[in-house]
Amino acid sequence: MRKKLKHEVGKTYYIGYWHTTYKVLEILPSEIFGEKYKCLWADGSISTHCTQLDPRNDYEVKGDV
């Protein structure tokens with residue numbers, strides 16, 4: 001059984017669904033999903049999303065991206 005991943009501010013993650021990385025800038029409340037994540041994406045854009053991490057396809061990236 002894999003350990004459940006949880007987003008943390010300041011950490012960078014690879015998300016297999018989108019095949020890219022992002023750094024979490026803020027964790028914000030969401031009435032529908034519980035929380036949403038303001039992210040700096042690998043392409044330099046900033047947006048929010050509510051997708052939880054999937055330990056089968058996503059992982060934390062250590063070091064600079």
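I began with the surface of this predicted model, and I found that the protein exposes about 4800 Å², of which carbon and sulfur atoms supply 53%. I then looked up burial, and of the 65 residues 26% count as buried.

Next I checked the overall dimensions: the C-alpha trace spans about 35 × 30 × 20 Å along its principal axes. For secondary structure I noted zero helices and five strands, which follow the pattern β-β-β-β-β along the sequence. The radius of gyration is 11 Å, close to the 11 Å that the globule rule gives for 65 residues, so the protein is as compact as a globular protein of that length.

I went on to the sheet, which is open and has its five strands in the order S4-S3-S2-S1-S5, with antiparallel pairing. Strand S4 (46–49) and strand S5 (58–61) stand at the edges with a single partner strand each, so one side of each is left without a neighbour in the sheet. The twist averages 40° from one strand to the next. Looking at one pair, I saw that S3 and S4 are joined over four bridges in the antiparallel sense, and that Leu40 stands opposite Ile46 in S4.

Which residues make up the largest nonpolar core? I listed eight: Tyr13, Ile15, Tyr22, Val24, Tyr37, Cys39, Trp41 and Leu53. Strands S1 (12–15), S2 (20–30) and S3 (34–41) each give two or more residues to this core, and S3 gives the most, with three.

Last, I followed Tyr22 beyond its neighbours within four places in sequence, and its contacts include His7, Lys11, Cys39, Trp41, His49 and Leu53.

How values were computed: Residues are numbered from 1 along each chain as its sequence is written. This is a predicted model: local features need pLDDT of at least 70, side-chain atom pairs count only at pLDDT 80 or more; totals for chains, interfaces and linings use all residues. Side-chain values use heavy atoms; hydrogens and water are left out. A nonpolar core is a set of buried Ala, Val, Leu, Ile, Met, Phe, Trp, Tyr and Cys residues joined through side-chain atoms within 4.5 Å. Buried means under 20% relative accessible area, exposed over 50%, partly exposed in between (1.4 Å probe, protein chains only). Contact means heavy atoms within 4.5 Å. Two strands pair if DSSP finds at least two bridges between them. Axes are lines fitted to C-alpha atoms, for helices over the stretch in contact, and angles run from 0 to 180 degrees between N-to-C directions. The radius of gyration is taken over C-alpha atoms; the globule rule is 2.2 Å times the number of residues to the power 0.38. Accessible areas come from the Shrake-Rupley method with a 1.4 Å probe; for residues, only the protein chains shown count as cover.
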